[in-house]
Amino acid sequence: MKTADVVIIGGGITGLMTAWNLAEAGADVVLLEAGDLGAQASGANAGSLHLQIQYPEFVKYGADWARAYGPCLGFLKQSLALWQDLPGRSGVDLDVRLGGGIVVAQDDAQMAQIEAKARIEAEYGVETEMLDRDALRAIAPYLSDKAIGGGFCAMEGKANPLRVIPAVQVALQRLGVTVLRETPVTAIVSEGGGYTVMTKGRAVHGRRVVNAAGASAGKVAAMLGLHIEIDGFPLQVTVTEPVAPLIQHLIYSAAGKLSLKQAPNGGCIIGGGWPSAERPDGSLATDPQSLTGNMAIAADVVPRLCQVRALRSWTAWVNGTPDWRPILGEMPGQPGFFLALFPWVGFSAAPMTAKVAAELVLGQRSTASLKGISVLAD
């Protein structure tokens with residue numbers, strides 16, 4: 001049986017970066033991934049780096065929900081600072097750009113909601129500047145004439161998932177981390193002062209285990225008889241043909257679900273939480289209705305996109321919870337079993353989630369106070 005200081009379950013960005021941090025601190029780490037590294041949400045998401053409270057959820061759940069989520073904004077702010085350091089740390093240009101995010105409004109009611117959201121964000125140290133029509137047009141002339149204003153959060157932006165995952169893989173190779181792909185976990189047994197993690201054909205014993213399995217984290221926890229409130233949601237994203245520089249920001253719409261940005265190669269990446277279809281065997285397929293709905297909103301917000309061809313759509317599983325708060329820390333009643341999960345915006349939160357997870361596993365004081373942030377700290 002192979003042994004290690006830490007066994008990490010899940011080869012998405014959070015699991016990979018947690019392994020990176022632990023290995024740099026001298027820990028012997030084995031990482032288990034059921035499929036390929038970053039093949040679910042981490043390598044297939046739209047690459048948005050979010051900070052502000054998401055507008056659709058604010059409208060749906062209200063101010064009380066937003067204030068309960070508010071402490072997470074400081075955590076995300078710290079994570080975005082780590083994102084800015086990541087190209088230097090990895091030695092790879094990861095296309096990290098924080099050009100700011102804009103929630104675009106088309107009527108006064110939407111403006112009022114954006115402003116109410118901005119007031120709550122300010123309570124937690126995140127500044128969202130309210131822009132009238134002229135101010136919005138000055139920084140984003142590519143927007144539709146329907147736009148009457150919006151909220152601008154300067155710290156938001158984007159990164160390239162297709163570069164990030166391979167860059168972290170290389171770092172793990174340099175540090176000698178054992179990474180086992182196509183190795184789904186079948187059982188976990190608490191024994192020998194740690195945990196034996198069973199897979200098809202092998203077993204790995206670790207003094208500590210980190211569950212960073214994203215949308216599958218609930219199934220992993222259930223192997224120890226534990227229940228965590230997290231589910232997987234199938235989403236899809238589309239990219240257009242390359243066009244001349246047009247969109248400098250991360251764009252949202254208060255009139256419908258949208259995230260929109262332009263990659264350095266000119267392709268416009270269009271998403272925003274539109275569902276993909278799930279086949280009977282559990283695999284995913286793009287949903288034509290989601291595609292047409294998503295494209296229609298994108299073209300309504302940025303009319304120039306009416307003349308641009310969509311090249312490719314793809315699917316991803318994202319993990320989510322109703323309260324959006326992370327499940328981060330040592331599981332109560334299960335010493336040595338840690339969870340490293342940040343729902344919905346896990347790509348944005350990954351550097352900080354991984355940093356804190358590694359600190360907790362090593363018995364160090366956490367960089368971030370988890371009070372009011374992680375549901376495990378309540």
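Author: Happy to, starting with helix α1 (residues 13-24): its twelve residues should span 16 Å at 1.5 Å a residue, and the end C-alpha atoms are 16 Å apart, so the two agree. Please keep in mind that this is a predicted model.

Reader: Thanks! How many of the twelve residues of α1 are buried?

Author: Eleven of the twelve are buried, so α1 is mostly covered, given that buried means under 20% relative accessible area. Among them are Ile13, Leu16, Met17, Trp20 and Leu22.

Reader: And what follows α1?

Author: Gly26 follows α1, and its phi is positive, near 100°.

Reader: Which residues other than glycine have a positive phi?

Author: Asp95 is one of them, with a phi of about 60°. Trp324 is another, with phi near 70°.

Reader: Where are Asp95 and Trp324 found?

Author: Asp95 is in the loop between α5 and β4. Trp324 is in the loop between β18 and β19 (327-330).

Reader: Is Asp95 buried or exposed? And what about Trp324, buried or exposed?

Author: Asp95 has a relative accessible area of 7%, so it counts as buried. Trp324 is buried as well, with a relative accessible area of 7%.

Reader: Switching to the sheet: in what order do the eight strands come?

Author: The order is β5-β6-β4-β13-β14-β15-β12-β18, in an open sheet with mixed pairing. At the edges are β5 (129-132) and β18 (310-320), each of which pairs on one side only. On average, neighbouring strands of this sheet are turned by 25° against each other, direction ignored.

Reader: Which helix packs on the sheet and touches β4, β5 and β6?

Author: That is α6 (residues 108-123), which touches β4 (101-105), β5 and β6 (149-153). The direction of α6 makes about 145° with that of β4.

Reader: And how do β12 and β18 run?

Author: They run antiparallel, with ten bridges joining β12 (residues 231-240) to β18. Val237 has Trp314 in β18 as its bridge partner, and Pro234 stands opposite Trp317 in β18.

Reader: How many bridges pair β12 with β15?

Author: Two bridges, again in the antiparallel sense. Val239 stands opposite Ile269 in β15.

Reader: What about α10, which strands does it lie across?

Author: Helix α10 (residues 288-301) lies across β4, β12, β13 (250-253), β14 (256-262), β15 (268-271) and β18, and runs at about 70° to β14. It has 14 residues and reaches 20 Å from its first C-alpha to its last, close to the 20 Å expected at 1.5 Å a residue.

Reader: Which residues of α10 are buried?

Author: Ser290, Gly293, Asn294, Ile297, Ala298, Ala299 and Val301 are. The buried residues of α10 pack against β4, β12, β13, β14 and β15.

Reader: Nice. Now helix against helix: at what angle do α5 and α11 cross?

Author: The axes of α5 (residues 71-90) and α11 (residues 346-361) cross at roughly 95° and come within 7 Å. Angles of 65 to 115 degrees count as roughly perpendicular, so α5 is roughly perpendicular to α11.

Reader: Which residues meet there?

Author: On the α5 side they include Phe75, Leu76, Leu80 and Trp83, and on the α11 side they include Phe347, Pro351, Met352 and Val356. The residues of this contact divide into eleven nonpolar, four polar and one charged.

Reader: Another topic: what do β9 and β10 form?

Author: A hairpin, with two residues between the strands, and Gly192 in the turn has a positive phi of about 60°. Six bridges join β9 (residues 185-191) to β10 (residues 194-199), and the strands run antiparallel. Glu191 stands opposite Gly194 in β10.

Reader: Last one: where is Val204, and is it buried or exposed?

Author: Val204 is in strand β11 (residues 202-211). Its relative accessible area is 0%, so Val204 is buried. Leaving aside neighbours within four places in sequence, Val204 is in contact with Met1, Lys2, Val7, Val30, Tyr195, Thr196 and Val197.

Reader: And how far apart are Val204 and Leu31?

Author: They are 173 residues apart in sequence and 10.0 Å apart in space, C-alpha to C-alpha.

Notes. Residues numbered from 1 in each chain as written. Predicted model: local features only at pLDDT ≥ 70, side-chain atom pairs only at ≥ 80, totals over all residues. Heavy atoms only, no water. Axes fitted to C-alpha atoms, helices over the stretch in contact; angles between N-to-C directions. Helix = DSSP H or I, 4+ residues; strand = E, 2+ residues; numbered from the N terminus. Parallel < 35°, antiparallel > 145°, perpendicular 65-115°, else oblique. Contact = heavy atoms within 4.5 Å. Nonpolar A, V, L, I, M, F, W, Y, C, P; charged D, E, K, R; others polar. Pairing = 2+ DSSP bridges. Expected span 1.5 Å × (residues − 1). Buried < 20%, exposed > 50% of the residue type's maximum accessible area, 1.4 Å probe, protein only.
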